[in-house]
Amino acid sequence: MIESADDRALLDRLVNQDQAAVRLLFERHHVKVFRFILRLVRNEAVAEEITNEVFMEVWRHAKSYAGNAAPLTWILSIAYHRASSSLRRRREEWLDDDRANETPDDSPGPEESLLATDKSALLRGCIEALTMDQRLIVDLVYYQELSVAEVSAVVGIPEGTVKTRLFAARKRLSQMLLAAGVDRGWP
Amino acid sequence: MTKTAKTKSGNSAVEKLLPWYATEKLAGSDRSDVESALKRSPQLRKQLDLIREELRETVVANEVMALPNADATRKFMAMIEGETSPRVAAPNRFEEFLGWLGRQLAGPPRWAVATALLAIVVQSALLGALVIERPEGGYHTASGDSGSLPDGTLLLARFADGATLAELGAQLAALDIAIVDGPKGGGLFTLRIGPQGMAASERDGKIAALRAETGLVIFVGPVQ
């Protein structure tokens, strides 16, 4: 909450073209934003370019920040839309509905199986093997620590869909683990 | 969200909220509903433990991802600086050339200076784009750095003010001629024609062909 309040103060200063404020905002969030974009575009150079574009957009349009979402949520929304546009331009369409409904294998790939010497590593392998749309929600909730409403705002889907998609992702994780010999006892 | 009704599959609405309970992103009635359900249900508490495992490993999976370049902040701030500061850069060589040109033309009436400047500036811009051969050590561009001249016969030429980029480019390429320096005083450019060992007859033929392009070339002569 304190960080969010600080971010709002920084955004206020951006309206007056305060370079120290944008530097602080960039330093505070650019790694998370970069990784979020990298997860989508899967290319470090592209992710870095889009990250810069996102913060440039924040710099240029700080005035348009409405203030009803946390600043990081607003920044991630811009990042999501920028990354999606980049993907559309490159005709990589794994974010569309067909891909969202794509069902992955029930088990992690052979590499993950070989490397998964313990349950934690196996679980990480299964997380990596989720569909992109499921993985996106998992990251936004567990890594970016966004609320239901914030994820809904970033991705542009209803709150009910956010909850259902994460629930489905969690069930998928258990199924993959079971296929790999680890019974979590749920569902 | 206040209802905890079971779904057909046996999953309750509370189950779907557990991840946000684990990240402490629930408030109000949602939070109290989850806490009440957790007190009643060992299965939900077990599920919460699983969610905490997922959370921990998701964080690890993200933290092992690549980091941005170490100088990401510097690059970004350079972009900010470029956008906010009016450019007061030192004059480049082309601007220095224009200054020099203005001083050279300081005698004639102003309209004549302006016309000459305009013609030569346009020509310089066009010709700069025609220097397509840039070996290490560098050829000169119309406004560029100096460097060693390449092999081949060198010529001096002055192009007609009305010559277009397309016409000049096509004609010079057809004759295997490249601009390697200029413009010098009087709007002269240094050209290279063919390789050093080119037969004299072939070289003379190409020079004659260039001279014949009177709409493009005013003067062609040997380098002294």
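Predicted model: local features only at pLDDT ≥ 70, side-chain atom pairs only at ≥ 80, totals over all residues.

Reading chain A along its sequence, you get α-α-α-α-α-α-α-α-α-α. That comes to 10 helices and zero strands, where helices (H or I, at least four residues) and strands (E, at least two) are DSSP runs numbered from the N terminus. Residues are numbered from 1 along each chain as its sequence is written, and chains are lettered from A and ligands numbered from 1 in the order in which they are written.

How much of each chain is buried? For chain A, 40% of the 187 residues count as buried; for chain B, 22% of the 224 residues do. Buried here is 20 or more other C-beta atoms within 10 Å of a residue's own, exposed is 12 or fewer, partly exposed is in between, and the C-beta atoms are placed from the backbone. Now contacts, meaning C-beta atoms, again placed from the backbone, within 7 Å. Taking contacts between residues at least 6 apart in sequence, 62% in chain A join residues at least 24 apart, and in chain B that figure is 58%.

On to the interface. On one side 39 residues of chain A are in contact with 32 residues of chain B. Which elements of chain A give two or more residues to that side? They are helix 2 (19-41), helix 3 (44-60), helix 7 (119-128), helix 8 (132-143) and helix 10 (159-179). Helix 2 of chain A gives the largest share, 10 residues. By class, the chain A side divides into 19 nonpolar, eight polar and 12 charged residues. For the classes, Ala, Val, Leu, Ile, Met, Phe, Trp, Tyr, Cys and Pro are nonpolar, Asp, Glu, Lys and Arg are charged, and the others, Gly among them, are polar.

Let's stay with helix 10 of chain A. Its 21 residues should span 30 Å at 1.5 Å a residue, and the end C-alpha atoms are 30 Å apart, which agrees; the expected span is 1.5 Å times one less than the number of residues. Its buried residues include A:Val162, A:Lys163, A:Arg165, A:Phe167 and A:Arg170. The buried residues of this helix pack against helix 7, helix 8 and helix 9 of chain A, together with helix 1 and helix 3 (42-63) of chain B. After helix 10 comes A:Gly181, with a positive phi near 95 degrees.

Helix 9 (residues 148-155) of chain A packs on helix 10 at an angle of about 100 degrees, with the axes 8 Å apart. That makes the two roughly perpendicular, a label that covers 65 to 115 degrees; under 35 would be roughly parallel, over 145 roughly antiparallel, and the rest oblique. Axes are lines fitted to C-alpha atoms, for helices over the stretch in contact, and angles run from 0 to 180 degrees between N-to-C directions. The residues that meet are A:Val148, A:Ala149, A:Val151 and A:Ser152 from helix 9 and A:Glu159, A:Val162 and A:Lys163 from helix 10. That's four nonpolar, one polar and two charged.

A:Val151 turns up again in the core. A nonpolar core is a set of buried Ala, Val, Leu, Ile, Met, Phe, Trp, Tyr and Cys residues joined through C-beta atoms within 7 Å. The largest has 64 residues, of which A:Ile37, A:Ala79, A:Ile137, A:Val141 and A:Val151 touch the most other members. Helix 2 of chain A gives the largest share, 10 residues. Leaving out residues up to four places away in sequence, A:Val151 touches A:Ile137, A:Leu140, A:Val141, A:Leu146 and A:Val162. A second, separate core of 15 residues includes B:Ala157, B:Ala178, B:Leu191 and B:Ile193.

Most residues other than glycine have a negative phi, and most peptide bonds are trans. A:Gln17, in the loop between helix 1 (2-15) and helix 2 of chain A, has a positive phi near 55 degrees. A:Gln17 is partly exposed, with 13 other C-beta atoms within 10 Å. B:Glu24 has a positive phi too, about 60 degrees, and sits in the loop between helix 1 (13-22) and helix 2 (28-40) of chain B. B:Glu24 is exposed, with 10 other C-beta atoms within 10 Å. And the peptide bond from A:Trp186 to A:Pro187 is cis, omega near 5 degrees, with A:Pro187 in the segment after helix 10 of chain A.

Note on methods
Contact = placed C-beta atoms within 7 Å.
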